[in-house]
Amino acid sequence: MPHIVIEHSKGLDQSHDLQTLCDTLWGALAHHPEINGPDTVRVRTIAATASRIGVEPQTFAHATMVLLLGRSDAVKQDFAQTILNALDAALPDVGSLTVRLTDLHQPY
């Protein structure tokens, strides 16, 4: 843990280097002091086969970071800003960039 999943508009993998984006995010987060080691970080992309958003251009990338419980709001904000900065640098012409962090609750 953590897992970062980037959902994106169909075709962005043809016009942008999403592997480099994954590598950049992995590098930025794998050695963060709040991460339990580089072997715990997972980054992947998933293309949406269909979408509609309210902005032009009709392209998006939405990153979800799933974390185990226990991180402060300040740490989560740092993670979110790191991810958003990487998205913005790699996808400057994409219509909508968003980030969501979510805690993974262990089953009882």
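Biologist: How many bridges join strand E3 to E4?

Modeller: Two strands pair if DSSP finds at least two bridges between them. Here nine bridges join E3 (residues 60–68) to E4, and the two strands run parallel. Strands (E, at least two residues) and helices (H or I, at least four) are DSSP runs, numbered from the N terminus. Within this pair, Ala 61 stands opposite Leu 97 of E4. The model is a predicted one, in which local features need pLDDT of at least 70, side-chain atom pairs count only at pLDDT 80 or more, and totals for chains, interfaces and linings use all residues. Residues are numbered from 1 along each chain as its sequence is written, and side-chain values use heavy atoms, with hydrogens and water left out.

Biologist: In what order do the four strands form the sheet?

Modeller: The order is E2-E1-E3-E4, in an open sheet of mixed pairing. E2 (42–48) and E4 (96–104) are the edge strands, each pairing on one side only.

Biologist: How are H2 and H3 placed against each other?

Modeller: Two packed helices are described by the angle between their axes and the distance between the axes. H2 (residues 18–30) and H3 (residues 73–90) pack at about 155 degrees, with axes 10 Å apart. Axes are lines fitted to C-alpha atoms, for helices over the stretch in contact (heavy atoms within 4.5 Å), and angles run from 0 to 180 degrees between N-to-C directions. H2 and H3 are therefore roughly antiparallel (over 145 degrees). Among the residues making the contact are Leu 21 of H2 and Phe 79 of H3.

Note on methods:
Angles under 35 degrees count as roughly parallel, over 145 as roughly antiparallel, 65 to 115 as roughly perpendicular and the rest as oblique.
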